[in-house]
Every structure is written in structure tokens, then in C-alpha cells.
Amino acid sequence: MARKLNLRIWRGDATDGGLKDVVVDVNEGEVVLDVIHRVQATQMGDLAVRWNCKAGKCGSCSMEINGKPRLACMTQVASFDEDETITVTPLRAFPIIKDLVTDVSFNYKKAMEIPAYSHPKDLAPGEARMEQVDVERSQEFRKCIECFLCQDTCHVIRDHEENKPSFAGPRFFIRIAELDMHPLDTLKNRKRTAQEEHGLGMCNITKCCTEVCPEHIKITDNAIIPMKERVVDIKYDPARMFSGLLRREKRS
Amino acid sequence: MSQNLQKLKYDVVIIGAGGAGLRAAVEARESGLRVAIICKSLFGKAHTVMAEGGAAASMGNANSNDNWMVHFRDTMRGGKFLNHYRMAELHAKESPDRIWELEVWGALFDRTKEGKISQRNFGGHEYPRLAHVGDRTGLELIRTMQQKIVALQQADKAEYGDAEANLKVYAELTVTDILKENGKVAGVYGYWRENGDEVLVEAPAVVIATGGVGKTFKITSNSWEGTGDGHALALKAGANLKDMEFLQFHPTGMVWPPSVRGILVTESVRGEGGVLTNNKGERFMFNYIPDVFKDKYATTPEEADRWYEDQDNNRRPPELLPRDEVARAINSEVKAGRGTEHGGVFLDVSKRLPAEVIKKRLPSMWHQFYELAGVDITKEPMEVGPTCHYVMGGVEVDPDTAAAIGVPGLFAAGEVAGGMHGSNRLGGNSLSDLLVFGRRAGMGAAEYLKSNGSNPVSDATIKAAADRIEAPFKNQGGENAYSLHQELQEVAHNLVGIIRTGSELKDAIAKIAQIRERSQKVTVAGDRKFNPGFHLAFDLDNMLLVAESTAKSAILREESRGGHTRDDFPAMDNKWRQVNHIASYNGSEVVVKAQALAAIPKELFDLFDIHELEKYMTPEEVAKGGTN
């Protein structure tokens, strides 16, 4: 039942590295993470790879498989041709630690920059009433397993390290959208700050993030585009511009 | 000792960033303490994310007859009355507040028509009780608390100019020892997984919230982190492990293809109306209703089907018996040759619900089967079988404060703590457990610190901890950790698994001791830099102590109850209900002794029908009618 698979694995660290070829057994129904584990147990005891649940629920085993950002635990070996070599490499948008493991701390820093949920002050625990249809809009974004594949594929940072400080990335645009659409959140101006502080405007809606999302969240259509549209409404509404101008003058 | 030993100081260190750890951290920080959270993985990846069905809390949103007393009774029944009554009581009373509090932090649960939090049916719960978000409730809990941690950090930044001044997450850090000085907790020692550099965190209070032990077994729903670290750390620090013979085999794990064997299939499938059948098409659960539950479950498929529409006038389907009963039933069917081709049974929800409803209520199950097994659960049945899911046993704690018995300054909450679930946990009681007792552990630590200040760690203690970390690199010619781990999993699975016998347990104890001896010489390839072989060497050490505790507790318990089934003692024996097994570590091996179970007080005793108690208690106990 077992057959041989040609696997090409990137091995190395921040200073040096390259692709190494191995031949490994593969059984029916196995995913790429299974064969990586077999290589680890039998040929390369110190091969570094992150993983946790092996069921597509935690978003730990993110890597690039034949150049495409994917979860190794949800990628069937059988989805490739039998004689095809499968190449696994670390996420390209983040600094390499070792082998298939990258430093994803960028994402945790960005998470800290998004203002937290703000509950209505006069609404006691247990008193909240929300319609199912209203919570579902935000629930779509709360399905996010933080695999950061969308961050990895987003060309705004994938090819432009210099954009990182001013760009939160798709993962955090859906976080902002989730809070913005939360039926109870009281913090105002989430869309405006998305534009002004988190780089929403740098996104040019190529939808690469939506394509790689293992949870099939419609990142671009349901989060980014609606926020962009509203930002345009807010920023270029002549009446608002005028009153905004007055307010600014008053403050100074 | 490594040259560049990093030294940190906190009031409280929390080991584990799953639900219990994060809830403890929130409580400790809000009590004004400086808190470090340590986790083996990235922040937000803990095994809690895999909890699917929901969190049990008697909010009464779906059925107003529900209240804490009904929940308490269900929990005690589910645990076959071996639970610590006080933990079950606190849990039942406090769960609703813990769920509502999550909503204040931004959680978005599914709703009832009135806009309240929706509650779903689950095995062993008399009323629909599980607050849920589709079938990804654990992810919602983790994310909500992760974001609450960030909110607290943002508040600290506003006040102190540094977000991490008083609350910091140390991710991908493994703790190898809990350190003590003068008989009290003094801190923890460990290493960064990224580069192997060592870390000393001095803190007079340590909360263990490390979850379970599933990776000791071959077929498990647990992620790689479930290696019993907290159980072993506590044992070695002088704490006790209680009830370690009780392991929950979840009745429904995936069985095919082999690479997904063990992955959880949520109980919600049955809660939403899924039925279990064997290869003859028989709905076999009607043949497995035990005497203690006879009057609470439907005896015909017709009545069971009516229950989904009218719960007040019909009894529940036997598919919703507690997990231990269902797991044993499936095991028996397969052993009798009535299993599926791949050694499971069929679970089918496609005939009960329309495809759109299945995809909406069980989205990740649909996804999981479609992508990993090529099965469309809206059209065809799933193949399922038991998988090692949860350990009821754990650190012996004081129920109110979560303080570990025998080790001042040590606390434990969540799956790693013992007592709450007795011999078997009900589905949904885990997420509520970790909220209730995570909070109590944070409070317990804060209270302890009012009268206990810093407790500096001596150089000798540091050296001993550092030497342990260096050992696998110094060893020559030993075996690798991967093969020893596989061997341990075979032994645990075959000899200490779902069905046990005295002779096999004896064999297991000898084999575990032998693997443990060989593990002392484990040799690691490569260097300290993100080296999974090196990491596994420490996990293995922990799993061996857990397996030893389980096997040695199991051989002593000569009856079958909950998550402990003895082929040679198949009946439940009311005399054994009065006994907990307490495992401790004498420096070279695990020693197990019997200890009297805390007796239930009169006001809780009186919540039950006396005839029900007669099924579980000796006539003398029933006559006594509870304490005080």
C-alpha cells in the first residue's frame, strides 16, 4: 500500500540554507504533514516544523507547498501526481528561524495595535440580546484560525518588507471588520482608523488572501471592500468634510 | 548551566495558555499581580481550540426548568458519583456567570429566537445546556480570552507606557521543572524552543494549566501538546495525582483513513440527531442502556425520534448516554464483528437534517470529513470509533482555591486538575470547568500572595534543573525519543486502554518501567536550535510518569466505573465509590494509595432521589444521609 514519495524540504536557518531531497514512504489518505513527521522520525530527527491539532483547527502548520501558502495538515498527498516531487518551504513573508519554522511575531505585534472590543457600559452580563443574523456577520471573521497564510501571501508585505510598519494585513482587517460589525461594540471610527492607522488603503483587492484562507472566509469581499467603501463615504462626504474642518479648527 | 541564562521575576507564572491558563491570567492580572503566561506553542494554538460542541452552563435559555441543581445532578451522575462534590457544586453554580462574562469581553455565541445565548443538547445533560458557536466553540473561547489578554495589555500600555509591563506571554517556551525553596514554590525553569537557551522565572506562585495526556496513547484526539507535562511537573514537585485510572475515550473519533484516526467527531452530531448503527443497520445503543439510567432513556427508536420534537413527553435517545457508555458500546459492537470495514461503526446525521442545516450547525465536521476522508456527511454516514480524549484524573486540589494539596504556592486548573469530573466527564463540562476553575486558580494565587512574598531560588536548585536539560546531549549511543514514544503509545493503548485486565496491567507496569529506564539514555541528534527530537525527550519523560500513574492506579481498582473498565471486574461496586486513588512520586517511582472520598454534605445529598442514590452508595451511606 505504501509508495515512495520524493519530498524536497528547505533546511537551514537565517544565515544559510537550501533544498534537501528525501525519499519517504507515503500511505493512502496521508497529508503532507504525515510525511514530514515520518521524515522527522526516521531520517531527520531535528527537522523543525510547527504543528498542533493536525485537523485544520489551530493554524500552526502553515508553510508553502509547491510555492503555495497552505496548511500541511489539510493538504492531501493524493492531490499531487504520483511522480510529482512535493516541495515544502517556510512562509516567505516572515524571517526564518529554522527549516519550516518562521518568526511570526509581526502578527502578534499587529494584534496589539487593534483597539479591543468595547462593551456598552450600562449592559450587565447576561443582558445582551442579539439576533442570530446580526452575529453571523462577525462570526464569519471569528472563524479565523490565525494561520497567517493571508498575511504570507499578501504582496503588500510579501515583497515589501518596508511596508510592514504601516500595514496590519488581511488577518487584522477582518479583526477590525469583525469589531466594526459587532452588534454591541461601542468604539467609534474603526473604519477610519483602519484606513489611517492600519494601512487599509494599501490593499488593492487582488483577493490573494481570500484564495489561500483555509476557513474560506471571504476576506476581501466581506471585510475589506465594505470597509473601503464606507471609508470613501466618510472621508469624501462634502458635508462631513466641512464639519470635520470646523472641528479641527476648534481643537487647534 | 548555560552561559546566557535568562532570569525573570513575576508574582505568578501560569504554565499553559489554553482556556484555564488564560482565565487564570486574567483573574491574576485584574487582582493587580504581575503575570507571566508560558506556553509550548504559539499564543492561541492551545488544544482548547479543538473543543467543538460547547460550554455547559444552566442559563436556562432553551429550557427554563434548568438550574444549577439539575446541572450538579447530571455532573455527579455522569461521573458515577466519584466527583468531588464541592467542585461539581462550584462548577454548576458559577458556569452561567463565566459564560456571560465572555460576552462582555466580545464573544459572539449563537442566539435563540429571543436573542439570548443558544443552548444545545449533549450527552448526559437533562436540558439543552451548551452555549456554542456552530461546532467551533473552543476557538471562540480561546480567541475571546486571547483578545481579553490583549485588552489588559493595552490598558497597561496606557497606564505604564509598556503593554507587557505586567502581563506577558512567553510563547514556545517549555517548562522542565517547578522549583521549590524552603518547601514552597519559588519559580519555574525551562528552555526556549527556538534556540534551546535556558530561562529561570522566579515567582512565589505557579498555576499549572497544561491540559491533558492524550499523546501517551496511540489513538487520540489530542494535539502534540497533550503530553501530561503539568501532571508530571506537579508529581515531581511533591503534589498528588488523583483518579489517574480514569481516562475518557470519546466514542466518536474518525477511523479512516489511517492518518486521521482519532481526530474528534463532535458529540454535537448526536446532539443534533445523529444515530449510531452497526454493519447490520441496527441502531444498537438501545441494547446498551445500563440499569442506573434505565428510566431516563428511550427504549424504542420511535420514542427516541419523538424526543427531538417534544422533550417534555419523551425520553432521550440512548445515543446521548454519557460518553463512557457509548464508547464501550461501540467497542463491543466492533469486537462482536458488527463493525465497519475499518473497525468503527456508522454515525449518520444525513437522514435527520437537510444539507444546509448540517453545514450551518456542524460546519467544521462537514469540512473535516470532506477534505480529509472524502466523505460528504450531508449525504452519507461517517465511520467512527473510540479515541483517547480526556483525563479525568489530575492534580489533587482544594476545590475553592485550586491550590495543589501538599505544595504551598502551587495551583492547578482545567484538565490537569483532578476531582471535578469523577470517573467520567460529560461533554460540555470541560469548557465550563476551565473557566470556573481557571478563575478560581487566579484568585487562589492572589490570596496566597497576600501572605507569601518572593522566595529566591538558590544556585544549587538552578544547577540541578540545568543539568537535566543538558543530559540528552551528553548521552552517547542511546535510542531516539521518537521510537520510545511509539513504543509507549503501543503499551498504553493495548494494555491500559479502553478495556483493561489485571494481568495486562501488570505487564504494562513492567514495560513502562523498562521504557523509562531506556529513556534515561535518550540521545538527541543535532543541536539545541528548534530541535523536535530534543523537545520530545522531555515530553516523553512526562508521559512515562503519567502512564505509570494510570497503570498503577488502574490495577488497584477492582471494579468498572466511568473511564475505567476492567474485563476481570466488569461490575460497578458501591464500596469502590468511597475510594480515590492518590499517586505520588518518591524520587524513583510512582506510588499509589487509596484515600477516602470526601463525603457529600446533606444539602447536596438531598438534591437526589434516594432510590437513585441507592444505585451508587452503600446502604450505610444512604442511611447516613450525607454529612452534617
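**View 1. The bridge between B:Cys39 and β7(B) in the predicted model.** In this predicted model, B:Cys39 has B:Ala171 of β7(B) as its bridge partner. The strands concerned are β3 (residues 35-39) of chain B and β7(B), which pair in the parallel sense over 5 bridges.

**View 2. The open sheet of chain B.** Five strands of chain B, paired in parallel, make up an open sheet with the order β7-β3-β2-β11-β18. At the edges stand β7 (167-171) and β18 (410-412) of chain B, each with a single partner strand, so that one side of each is left without a neighbour in the sheet. On average, and with direction ignored, neighbouring strands of this sheet are turned by 20 degrees against each other.

**View 3. Helix α1 against the sheet.** Helix α1 (residues 19-30) of chain B packs on the sheet, where it touches β2 (12-15), β3, β7 and β11 (205-208) of chain B. The direction of α1 makes about 170 degrees with that of β3(B).

**View 4. Helix α15 and its surroundings.** Helix α15 (residues 532-556) of chain B, with 25 residues, reaches 36 Å from its first C-alpha to its last, which is close to the 36 Å expected at 1.5 Å a residue. Of the 25 residues of α15(B), 24 are buried, so this helix is largely enclosed by the rest of the structure.

**View 5. Chain B as the setting of these details.** Chain B contains 18 helices and 20 strands; its radius of gyration is 23 Å, close to the 25 Å that the globule rule gives for 628 residues, so chain B is as compact as a globular protein of that length. Of its 628 residues, 62% count as buried.

Methods: Residues numbered from 1 in each chain as written. Chains lettered and ligands numbered in written order. Predicted model: local features only at pLDDT ≥ 70, side-chain atom pairs only at ≥ 80, totals over all residues. Helix = DSSP H or I, 4+ residues; strand = E, 2+ residues; numbered from the N terminus. Rg over C-alpha atoms; globule rule 2.2 N^0.38 Å. Buried ≥ 20, exposed ≤ 12 C-beta atoms within 10 Å, placed from the backbone. Expected span 1.5 Å × (residues − 1). Pairing = 2+ DSSP bridges. Axes fitted to C-alpha atoms, helices over the stretch in contact; angles between N-to-C directions. Contact = placed C-beta atoms within 7 Å.
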